[in-house]
Amino acid sequence: MLGAHESRHGGWSALPEWPLTLDAAALLAAGWRPTPFRQFILKIHSRCDLACSYCYMYEMADQSWRSRPRRMSSEVVAVTAARIAEHARAHGLTSVEVILHGGEPLLAGAKEIDELVTTVRAAVDAEVTVSLQTNATLLDEPYLRLFDRLGIGVGVSLDGGQEAHDRTRRTADGRGSHHKVTAGLRLLTEPRFRHLFRGLLCAIDLRNEPLETYEALLAFGPPAIDFLLPHGTWAQPPPGRAPADPATPYADWLITVFDHWYSMPARPTGVRLFDEIILLLLGGASASEQIGLSPAAMVVVETDGEIEQSDILKSAYAGAPSTGLHVSRDSFDDVLRLPSVAARQIGELALSPTCVACPVGMVCGGGHYAHRYRPGNGFHNPSVYCSDLLRLISHIGSTIQRDITAVVKDAS
């Protein structure tokens, strides 16, 4: 783990970056209490059979995957299961969620996945819901029969039609993956396996036409669609997002989809980002990392047993998700006491002054935590997508306000 004064870019900085300056002990003394982890992301394989150009794990700042074992060993699995059980007992949790992740988790193998799920469920005296996120290139009938037996939900990454998807989601030698992904999806959406389908993740690419992308996803009848903003920071902005430019290309892309989705007489599926924004505007709480101020209740265990924060922080700088802790010697309660984890759980207190003063700041919540990083003051900034989020949330807010006003007027 980097020292408090070590620069993320070589050399040394005069001051530590936020949240290293956050006093977690003072927060506890003032009455704040951590939210226990309920979501455990297990990196069961550290490699992938695709080489997606935007991947935060392999193509961005943190390259720690190179030194990690390919598979999570049975010893690490057993210790991790015991730590999850310990955490659930300590906090009286009646249910926890385990997400199998990578790399590509299917590279771990069917036998290893079976043993891992069986081990965790045997150790934890609580309901253990299991799902995995896959690129679906290896998704076949034997895997789906295993997932059916174990009750493992399946989320799939798909970026649209063939041209849109293959633009970025290719193999290392440049071949497109759309044909393999859609073959896996056709199996998953057969009546005998459809109950396992949890939804589609789609990374937004401004070069892809928004409604064509949405319709290509909708063709598989997903129970949910999650549009993801490409990962980037103030130091390394995402494609098409110039921080000083007032243009809002990502909001424009998403608004095109929102207006179409919202106007549909019977919406065929939920779009998570839109649903979360509407819920927040109506006074609810978010369950998404992308938006809102709900405490982050997830933690990552790498293939070697190292405990990390959200792996999306790998997009910020080398070592950003590191905690310096390991399942063999540290509890998940030890993780909760870290300033970097407390920062994800203290809501408005973690927002920059710009966000606090913003009219949609409590809905936006500063955007995705990883997207706030700026060298010098760390994560105490608005999102690099600030102008896009303001425009998108304002548009959705005015749309639902118009409909609420019309309903009230008709009822009076």
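1. Helix α8 (residues 249–263) packs on helix α9 (residues 272–281) at an angle of about 80°, with axes 11 Å apart. The two are therefore roughly perpendicular (65 to 115 degrees). Leu254, Val257, Phe258 and Trp261 of α8 meet Leu273, Phe274, Asp275 and Ile278 of α9, contact meaning heavy atoms within 4.5 Å. By class, seven of these residues are nonpolar, none is polar and one is charged.

2. A word on the source: this is a predicted model, where local features need pLDDT of at least 70 and side-chain atom pairs count only at pLDDT 80 or more, while totals for chains, interfaces and linings use all residues. Residues are numbered from 1 along each chain as its sequence is written, and side-chain values use heavy atoms, leaving out hydrogens and water.

3. Now to helix α2 (residues 74–91): its 18 residues should span 26 Å at 1.5 Å a residue, and its end C-alpha atoms are 26 Å apart, which agrees. Its buried residues (under 20% relative accessible area, 1.4 Å probe, protein chains only) include Val76, Arg83 and His87. The buried residues of α2 pack against β1 (39–43), β2 (95–101), α3 (110–123), β8 (298–301) and α10 (332–336).

4. The open sheet has 10 strands in the order β7-β6-β5-β4-β3-β2-β1-β8-β9-β10, with mixed pairing. β7 (270–271) and β10 (322–326) are at the edges with a single partner strand each, so one side of each lacks a neighbour in the sheet. Strands count as paired if DSSP finds at least two bridges between them.

5. β8 and β9 (residues 306–308) run antiparallel, joined by two bridges. Val300 stands opposite Glu308 in β9.

Methods:
Axes are lines fitted to C-alpha atoms, for helices over the stretch in contact, and angles run from 0 to 180 degrees between N-to-C directions. Helices (H or I, at least four residues) and strands (E, at least two) are DSSP runs, numbered from the N terminus. Angles under 35 degrees count as roughly parallel, over 145 as roughly antiparallel, 65 to 115 as roughly perpendicular and the rest as oblique. Ala, Val, Leu, Ile, Met, Phe, Trp, Tyr, Cys and Pro count as nonpolar, Asp, Glu, Lys and Arg as charged, and the others, Gly among them, as polar. The expected span of a helix is 1.5 Å times one less than its number of residues. Buried means under 20% relative accessible area, exposed over 50%, partly exposed in between (1.4 Å probe, protein chains only).
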